[in-house]
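Please read these notes with the model open beside them. They are set out as numbered points, one topic to each.

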Amino acid sequence: MASSTGDEPRPDLEALLVPRKAEDGLPEEELCYPDEPLSPGRQGLRVTAATANLATTIMGAGIMALPRAFATLGLVLGFGLLMGIFALSFFSLAALVRCAGIARRSTYAELVHGEFGMAGSRLLEGSVVLNNAGSMIIYMIIMADVLVGVPPHYSGLVTNALGVHDPSVWYVSRPFVVGALCVLCLAPLLSLRDLALLAPASTAAVGVAGAFALSVLGITGAALWEGRLAAFRWLPTREALGGDATHIVITLLAVLPVISLSFVCHYNILPLASSLQRFSDRRMSMVIRRALTVCTCVFTLVAAGGYMLFGPDTQANILNNLTPEGLGQFVPLCVASVLSVGVRLGYCLCLMATFAMLNWALRQTLSRMVLGVDMPQGAAFYGLSYGILAVLYAVSIAFPSVWGAMSLTGATAAVMVAFILPGALVLRLQRDSKVERALGGLCVGLGILMGVVGVSNTLFFSS
């Protein structure tokens, strides 16, 4: 049972999170939440709308690193591990919903605080900070890659526009271009006090991600038709995985956090559950299964398609392959140039809006932890906002590897939020089901193992 904290859910959400009694004659799996408005005049979401919202939350920058993961693992093993993370993510998301019903909590934070007290709350808050800060660093690195390019060609939007591809020239160097991006674009976005102004651009990011996925699939189909696919592997070689058995295990466990990062949406699952019309475990499981299935299909097609296009030359950020030169191997150069600029510029613009939305939650969490208030006012607001931006800028310049950033974020925040805490909640609250407890223990153990190996490999063993 949840411990009493005096921090009870709001009555309207609590009503939605308490199942009907068994005397109603329904089997336990069909027990529904009361079919009532979330607030006066507003009805809950239908299954289709809830599925779309959850899929929107899952889709993010993590998709950019999946082709590189497949290049390391090969198509068969890459797909197998992707499906393994799919299964664990389905279990952990569904388990959070069940545990919230048992403990009668309406948010992830309330659930963790109710079961694990202040230590659990601090752990979750720290994970929010790491996840959002890590994701913002990833976005900044991706934007820098898009604008400046990467070796050896430095075929970025800025370098191509100016016709200068030498990073030693100060006005096309990564520090200057990213610094200008921060001052001219990101800082004004972080100064906004109305989050609603960012919502349309964030929604547009999903459309851009869809266009990106369709572009990769279309080019892959054309390359397959013309027999121009790169040399790809169905199975990994021992050399690709590290040679001996120990290095093979380390490589596999180090890739898993990168894949896991693509599925993290656990912060939003309980608010989404409380907004579902005629809630039941079965209906919510349907939402989770459908959303994960759609996203996994997109992830698989983009990862496999990107790897089959570029083979061993697949970059850690697949956008770095989508240059005019890279796409010119498969389509006419004029089409390649337009497609490259359109996809990369659109994705870069939408990442800016998403960057600002992530900063909103990060700033709020840090403000509660450090200042004891939800949102600072006056000079403190701007000081905290620009201080966060300055730190993230310095980290993105010092460590410009999107794979390293994804590995660290996935091995810390992602495994804590997606596996360790949900598994611990299952072990604490679902004591009657041996299968559930076994899967909960698997989530905790695998999450800890992935975290230790992923952090160690990224910090000490990666070249």
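Is E115 buried or exposed? At 4% relative accessibility, E115 counts as buried, where buried means under 20% relative accessible area, exposed means over 50%, and partly exposed covers the range in between (1.4 Å probe, protein chains only).

1. Basis of the notes. This is a predicted model, in which local features need pLDDT of at least 70 and side-chain atom pairs count only at pLDDT 80 or more, while totals for chains, interfaces and linings use all residues. Residues are numbered from 1 along each chain as its sequence is written, and side-chain values use heavy atoms, with hydrogens and water left out.

2. Confidence. The mean pLDDT (the predictor's confidence in each residue, from 0 to 100) of the protein chain is 82, and 86% of the residues reach 70 or more. Over residues 1-42 the pLDDT is below 50. Beyond near neighbours in sequence, that stretch has 70 contacts in the model, a contact being heavy atoms within 4.5 Å. Among the elements, helix α1 (residues 11-17) has the lowest mean pLDDT, 39, and helix α7 (residues 174-190) has the highest, 93.

3. Overall make-up. The protein chain has 17 helices and zero strands; helices (H or I, at least four residues) and strands (E, at least two) are DSSP runs, numbered from the N terminus. Of the 463 residues, 51% are buried. Residues 24 or more positions apart account for 77% of the contacts with a separation of 6 or more. The chain exposes about 19900 Å², and carbon and sulfur atoms supply 66% of that area; the areas come from the Shrake-Rupley method with a 1.4 Å probe, and for residues only the protein chains shown count as cover.

4. Helix α5. This helix covers residues 108-148 and spans only 39 Å between its end C-alpha atoms. A straight helix of 41 residues would span 60 Å at 1.5 Å a residue, the expected span being 1.5 Å times one less than the number of residues. There is a bend of about 140 degrees in α5 at F116, taken as the angle between axes fitted to the seven residues ending there and the seven starting there. Of the 41 residues in α5, 32 are buried, so the helix is largely enclosed by the rest of the structure. G149 follows α5 and has a positive phi, near 95 degrees.

5. Salt bridges. How many salt bridges does a search of the whole structure find? The search finds five, with a salt bridge defined as a side-chain nitrogen of Lys or Arg within 4 Å of a carboxyl oxygen of Asp or Glu. Side chains of opposite charge can pair when their charged atoms come close.

6. The pair of E115 and R428. Their side chains meet in a salt bridge at 2.9 Å, N to O. E115 lies in helix α5 and R428 in helix α16 (residues 402-429), so the pair ties together parts that are 313 residues apart in sequence. R428 counts as partly exposed, at 32% relative accessibility.

7. The pair of R98 and E436. Here the N to O distance is 2.8 Å. R98 is in helix α4 (residues 75-103) and E436 in helix α17 (residues 434-461), and the pair links distant parts of the chain, 338 residues apart. R98 is partly exposed, with a relative accessible area of 22%, whereas E436 is buried at 17%.

8. The pair of D145 and R174. The closest N and O atoms of this salt bridge are 2.7 Å apart. D145 belongs to helix α5 and R174 to helix α7, 29 residues apart. D145 counts as buried at 3% relative accessibility, and R174 is buried with a relative accessible area of 15%.

9. Backbone items in loops. A cis peptide bond joins P151 and P152, with omega about 0 degrees; P152 sits in the loop between α5 and α6 (157-162). Y154 lies in the loop between α5 and α6 and has a positive phi, near 50 degrees, in a residue other than glycine. R104, in the loop between α4 and α5, has a positive phi near 60 degrees and counts as partly exposed at 45% relative accessibility.

10. S367. This residue is found in helix α14 (residues 333-371) and is buried, with a relative accessible area of 0%. Not counting residues up to four places away in sequence, S367 touches G372, V373, D374, M375, P376 and L384.
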